[in-house]
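Work through the exercises below with the sequence and the model open. Each task is followed by a solution in steps.

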Amino acid sequence: MRLTGRRESTNVDDRRRSGGGVVRKSGLGIGGVIIVALLMWAAGGNPLDALQYMGGSEQTVQTSNYTPSAQEQELATFAKQILASTEEVWTAEFKKIGRTYQPPTLVLFTGSVQSGCGGATASSGPFYCSADQRVYIDLSFFTSMKKQLGADGDFAYAYVIAHEVGHHVQHLLGTLDAAHNQMARSSETVSNQISVRLELQADFYAGVWGYHENQKYKSLEDGDIEEALGAAKVIGDDYLQKKSRGYTVPESFNHGTSSQRFQWLRKGLSTGDIRQGDTFSQSYSEL
């Protein structure tokens, strides 16, 4: 991506030099669970064990005396620039529908963090917390993407941030809370299907952001779109389950298949039209 000279968002809470300690882990946001599964699979474990992160536990993480590397500082600048871009895009898109966009705060942390949704560690991956309207990320996640998943490139990294901002868009539009309320009243299978709908819509919104980002700044370079689409494919539920177990259990999917994630991200990238991102009206089998 061409980002030289671009504005950096000031809606950033940099906690990377904060100390560690005992973290009380409560349920993670939906966006974080799949990342835990990815890291478990990459380490030779069972991704389905990531479900344990939906419960509570305690974990001690020490991050005192932390000094970010030059590479991490570059990633921090990149993340702030991407966040600034999402602010511009979603402010304009909300204006089109007669709404006012209120941007989230990006929290940069190292090791562990406390959020309005409870405590989390770096292994949780990036996540969005609607309780405090913040996106949380440990920048070392991008290194893990490259080394453990083979998903690399600046637009792939931007997709991760834009996906979490997509959950914020859902929150502002009322979609996220309504879906969570319905999930709480539903069976596990139905709840998983609602979760899939949320995640695919967040993928779509990430694509919508990418479309308008490129329309305004011509920032995408050769291979950028392929980077993001490739990242979407390797975090599909079916891909992970086949790697870990040799077979899939579709009723347990909660983020969508590789094909679904690929298709909804691509749809957003190709249309840039928020009205085409309704993942809730059509039947589940047609997603």
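A disulfide is a pair of cysteine sulfur atoms within 2.5 Å. The model is a predicted one, in which local features need pLDDT of at least 70, side-chain atom pairs count only at pLDDT 80 or more, and totals for chains, interfaces and linings use all residues. Residues are numbered from 1 along each chain as its sequence is written, and side-chain values use heavy atoms, with hydrogens and water left out.

**Exercise 1. The disulfide**

Find which cysteines form a disulfide, and state where in the chain the two partners sit.

Solution. 
- Step 1. The structure holds 1 disulfide. Its partners are Cys 117 and Cys 129, with sulfur atoms 2.1 Å apart.
- Step 2. The torsion about the S-S bond of Cys 117 and Cys 129 is about 95 degrees, so this disulfide is right-handed.
- Step 3. Helices (H or I, at least four residues) and strands (E, at least two) are DSSP runs, numbered from the N terminus. Cys 117 is in the loop between β5 (112-115) and β6 (118-121), while Cys 129 is in strand β7 (residues 127-129); the pair, 12 residues apart, links distant parts of the chain.
- Step 4. Buried means under 20% relative accessible area, exposed over 50%, and partly exposed in between (1.4 Å probe, protein chains only). Cys 117 counts as partly exposed because its relative accessibility is 27%. Cys 129, at 0%, counts as buried.

**Exercise 2. Nonpolar cores**

Which residues have the most contacts inside the largest nonpolar core, and which helix gives the most to this core?

Solution. 
- Step 1. A nonpolar core is a set of buried Ala, Val, Leu, Ile, Met, Phe, Trp, Tyr and Cys residues joined through side-chain atoms within 4.5 Å.
- Step 2. The largest such core has 59 residues, and Trp 90, Phe 142, Met 145 and Trp 209 have the most contacts inside it. Helix α4 (residues 154-173) gives the most to this core, with 11 residues.
- Step 3. Another core, of 7 residues, lies apart from it; Val 107, Val 113, Ala 120 and Phe 127 are among them.

At what angle do helix α6 and helix α9 pack, and how far apart are their axes?

Solution. 
- Step 1. Axes are lines fitted to C-alpha atoms, for helices over the stretch in contact, and angles run from 0 to 180 degrees between N-to-C directions. Helix α6 (residues 188-217) packs with helix α9 (residues 258-271) at an angle of about 35 degrees, and the axes are 6 Å apart.
- Step 2. A crossing is left-handed if the near helix is turned anticlockwise from the far one by less than a right angle, and right-handed if clockwise. The crossing of α6 and α9 is right-handed.
- Step 3. Residues making the contact include Val 196, Leu 200, Phe 204 and Tyr 211 of α6, and Arg 261, Trp 264, Leu 265 and Leu 269 of α9.
- Step 4. Ala, Val, Leu, Ile, Met, Phe, Trp, Tyr, Cys and Pro count as nonpolar, Asp, Glu, Lys and Arg as charged, and the others, Gly among them, as polar. By class, the contact of α6 with α9 has 9 nonpolar, 6 polar and 4 charged residues.

**Exercise 3. Phe 253**

Is Phe 253 buried or exposed?

Solution. 
- Step 1. Phe 253 lies in the loop between α8 (237-245) and α9.
- Step 2. Phe 253 counts as buried because its relative accessibility is 8%.
- Step 3. Leaving aside neighbours within four places in sequence, Phe 253 is in contact with Asn 192, Val 196, Asp 237, Asp 238, Gln 241 and Thr 248.

**Exercise 4. Positive phi**

What are the phi values of Gln 133 and Lys 218?

Solution. 
- Step 1. Most residues other than glycine have a negative phi.
- Step 2. Gln 133, not a glycine, has a positive phi of about 55 degrees. Gln 133 is in the loop between β7 and β8 (134-137) and counts as partly exposed at 28% relative accessibility.
- Step 3. Lys 218 has a positive phi of about 50 degrees and is not a glycine either. Lys 218 is in the loop between α6 and α7 (224-233) and is exposed, with a relative accessible area of 53%.

Note on methods: Contact = heavy atoms within 4.5 Å.
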